[in-house]
Amino acid sequence: DKTVRGTAIIFIVQGWKEDPDTLPFLKDRALQDEHGNIRLVAAKAIAEGWKEDPDTLPWLKDHALQGADEYFRYAALNAIAEGWKEDPDTLLWVKDRALQDEDYRVRRAVINTIIQNGQEDPELFEFLANISLNDPFNREDDWQPNPRQVALEGLLENFIDNPKTLEILNQVTLNDADEQLREFAIQRLNDLKNTNP
């Protein structure tokens, strides 16, 4: 049961952090567990519990780049974004992965993490604007979440007073190839017109 495994990982970290077998065990779970949420819990535990270990950040970065599994790439990127958010080099690296990862789900999740952790980033607006207009997502099924929408939501949430946000919203309504995103943008534009006629 994934809930039992996740809870066990948390208790192991709390009770046996000093045990030399704990970190190798967590790395194994972060890479090998069959469930994505467990890999996420293990990666986060490594980032939080062994942040000062000089091998932790390179290990996470390596697996965020090389991981064949999109869930673990996201888990590693999320752990890096949250654990080293005060480091501008790390933020740039995570942003690059949000732009470059081959999987739209990873890009979307990392964009969301950056929005949650990057409120002090002076370049957050430009980052989200670029993704809103240029992420290469191409919808194949109706249920797929579009990274451009997450970025656009981030702009509307954090930069509603910036006149360029409205320009981007208008551009999406007119030009985006994704019909669902155009409908979302039209709805948000109508909502703005109704609240600020």
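This is a guided tour of a predicted model, moving from the whole chain to single residues.

Before selecting anything, note that residues are numbered from 1 along each chain as its sequence is written, and that side-chain values use heavy atoms, with hydrogens and water left out. Because the model is predicted, local features need pLDDT of at least 70 and side-chain atom pairs count only at pLDDT 80 or more, while totals for chains, interfaces and linings use all residues.

**The whole chain**

Start with a cartoon view of the protein, whose secondary structure comes to eleven helices and zero strands; helices (H or I, at least four residues) and strands (E, at least two) are DSSP runs, numbered from the N terminus. Taken along the principal axes, the C-alpha atoms fill a box of roughly 60 × 35 × 30 Å. Of the 197 residues in the protein, 45% are buried, where buried means under 20% relative accessible area, exposed means over 50%, and partly exposed lies in between (1.4 Å probe, protein chains only). Among contacts (heavy atoms within 4.5 Å) between residues at least 6 apart in sequence, 57% join residues at least 24 apart.

**Helices H1 and H3**

Next select residues 2-16, which form helix H1, together with residues 36-49, which form helix H3; the two pack at an angle of about 10°, with their axes 9 Å apart. The axes are lines fitted to C-alpha atoms, for helices over the stretch in contact, and angles run from 0 to 180 degrees between N-to-C directions. H1 is therefore roughly parallel to H3, since angles under 35 degrees count as roughly parallel, over 145 as roughly antiparallel, 65 to 115 as roughly perpendicular and the rest as oblique. Show side chains at the contact, and you will find Lys-2, Arg-5, Gly-6, Ile-9, Ile-10 and Val-13 of H1 meeting Ile-38, Val-41, Ala-42 and Ala-45 of H3. By class, this contact of H1 with H3 has seven nonpolar, one polar and two charged residues; Ala, Val, Leu, Ile, Met, Phe, Trp, Tyr, Cys and Pro count as nonpolar, Asp, Glu, Lys and Arg as charged, and the others, Gly among them, as polar.

**The largest nonpolar core**

Now select Leu-60, Ile-111, Leu-128 and Leu-152, which touch the most other members of the largest nonpolar core, a set of 51 residues. Helix H5 (residues 70-83) supplies the largest share of this core, seven residues. A nonpolar core is here a set of buried Ala, Val, Leu, Ile, Met, Phe, Trp, Tyr and Cys residues joined through side-chain atoms within 4.5 Å. Centre the view on Ile-111: not counting residues up to four places away in sequence, Ile-111 touches Ala-98, Leu-128, Ile-131, Pro-147, Val-150 and Ala-151.

**Helix H8 and its cover**

Stay in this region and select helix H8 (residues 124-134), whose buried residues are Leu-124, Phe-125, Phe-127, Leu-128, Ala-129, Ile-131 and Ser-132.

**Aromatic pairs**

Rings of Phe, Tyr and Trp (its six-membered ring) pair if their centres lie within 6.5 Å, with planes under 30 degrees apart counted as stacked, over 60 as edge-to-face and the rest as tilted; by this rule there are three aromatic pairs. Select Trp-59 and Phe-72, whose ring centres are 5.9 Å apart and whose planes stand at 70°, so the pair is edge-to-face. Trp-59 lies in helix H4 (residues 56-66) and Phe-72 in helix H5, 13 residues apart. Trp-59 is buried at a relative accessible area of 15%, and Phe-72 is buried at 4%.

Then select Phe-125 and Phe-159, with ring centres 5.3 Å apart and planes at 80°, so this pair too is edge-to-face. Phe-125 lies in helix H8 and Phe-159 in the loop between H9 and H10, so the pair ties together parts that are 34 residues apart in sequence. Phe-125 counts as buried at 9% relative accessibility, whereas Phe-159, at 22%, counts as partly exposed. Leaving aside neighbours within four places in sequence, Phe-125 is in contact with Leu-155, Phe-159, Asn-162, Lys-164, Thr-165 and Ile-168.

**Two last stops**

Select Asn-78 in helix H5, which is buried with a relative accessible area of 6% and, apart from neighbours within four places in sequence, is in contact with Leu-40 and Thr-113. Finish at Asp-69, in the loop between H4 and H5, which is partly exposed with a relative accessible area of 29%. Asp-69 and Gln-32 are 37 residues apart in sequence, and their C-alpha atoms are 10.0 Å apart in space.
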